[in-house]
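Please read the following briefing alongside the sequence and the model.

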Amino acid sequence: MKRLNTFVILIAVLFFFGCAGGNAVKKKPDHIISGMKEIRKGATCYKRGCYNRSLEYFFRAHELFAASDQLDGVAMSMNNIGNIYRIMEDLDTSLLFFEESISIYQDIKNYKGLVQALSNKAAVLIGTDSLEEAASILKSAEDIAQKNNIPKGHILNNLGILFVRQKEYSRAEEILNSALANADPENYSEYATVNFALGNLMCETGRYEKAVYFFKAALEADRLSGFHKGIADDLSAIGNVNFSQGKYEPAVNYFKRSIKIYALIQNRSKVFEIMKKLDIASEKSGQDISVTKHFINKWLEGKDFESPCN
């Protein structure tokens, strides 16, 4: 059920612009334009669930930025590569890239990028139950953000998730409600992330109707952003709530929709995880899922016509 965090693929633009003669904007050098093109391609592939291709684009961006000594771009590339390794569950490699990104952002005093990279590293540590270290990093990130007037939404969300892990539910709810109140609904990634975290908190505390409400809010935001894995996670979470309450018919509905997305983006572990519950729910509700299984098997074999990664 848990999606710890929808991390941010960082696309910085501030260092690409300069002023000359009042409000005139200098033409961006070709090497910067080329690097950013690769970053944008990588971000698009990430949203579609095409992680190997996304990595390739981010590595290309890193090479372009490194060759021209654009340290902001190098750090941004490192942060994004760390995010992809994290979603691919190669957490040790993920941490290495976040640490490199953090080091560069510190050196060049890019505090906005630094806060983001620190928060991302903390999210990985929360996922590995290194909670004390994660808390220390989030405190550092929060101090830097406070000092430099940087929005703290990403930090607050991870802090709320940390408190859930520590079973400090009242503190988690206070933090996550604050994050939600300050989240921009037009920033779909941030809005989905905090709603999903609140949904998990509601599940942990037995408030299942509220959990579904927050998961559906996350689902709507992820649909608007086109974040395929996020949509699948949201649908799976709603299915799990229904399944846990013995509401097998709606559980089948949500599991079928979720498992199709996981199959299309080749997330086999999630397909197998959900299929076990889908089989049980379909048997108990008397629903036929043979058509769904037909498509799942075809897509896992690579026999799809319009894969998100084509």
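This is a predicted model: local features need pLDDT of at least 70, side-chain atom pairs count only at pLDDT 80 or more; totals for chains, interfaces and linings use all residues.

In helix H14 (residues 290-300), the buried residues are Thr-292, Ile-296, Trp-299 and Leu-300, where buried means under 20% relative accessible area, exposed means over 50% and partly exposed lies in between, with a 1.4 Å probe and protein chains only. These residues lie on the same side of H14 because they cover an arc of only 95° around the axis, the arc being that of the directions from the helix axis to the C-beta atoms.

Residues are numbered from 1 along each chain as its sequence is written, and side-chain values use heavy atoms, with hydrogens and water left out.

**Packing around the helices**

- The cover over the buried residues of H14 includes helix H12 (248-264) and H13, with contact taken as heavy atoms within 4.5 Å.
- Ser-236 has its place in helix H11 (residues 228-244), and with a relative accessible area of 3% Ser-236 is buried.
- When residues up to four places away in sequence are not counted, Ser-236 touches Phe-255, Ser-258, Tyr-262 and Ile-274.
- Glu-273 lies in helix H13 (residues 268-285), where Glu-273 is partly exposed, with a relative accessible area of 33%.
- Between Glu-273 and Ile-259 there are 9.3 Å in space, C-alpha to C-alpha, and the two are 14 residues apart in sequence.

**Backbone with positive phi**

- Asp-69 is not a glycine, yet has a positive phi of about 55°; Asp-69 is placed in the loop between helix H2 (51-67) and helix H3 (71-87) and counts as exposed at 57% relative accessibility.
- Gln-266, although not a glycine, likewise has a positive phi, of about 65°; this residue lies in the loop between H12 and H13 and is partly exposed, with a relative accessible area of 35%.
- Gly-302, which follows H14, has a positive phi near 85°.

**Cysteines**

- A search of the whole structure finds 0 disulfides, a disulfide being a pair of cysteine sulfur atoms within 2.5 Å.

**Aromatic pairs**

- Rings of Phe, Tyr and Trp (its six-membered ring) pair if their centres lie within 6.5 Å, and planes under 30 degrees apart count as stacked, over 60 as edge-to-face and the rest as tilted.
- By this rule the count comes to 9 aromatic pairs.
- The rings of Tyr-46 and Tyr-51 form a tilted pair, because their centres are 6.5 Å apart and their planes stand at 50°.
- Tyr-46 and Tyr-51 are both buried, and ring pairs link Tyr-46, Tyr-51 and Phe-227 into a cluster.

Methods: Helices (H or I, at least four residues) and strands (E, at least two) are DSSP runs, numbered from the N terminus.
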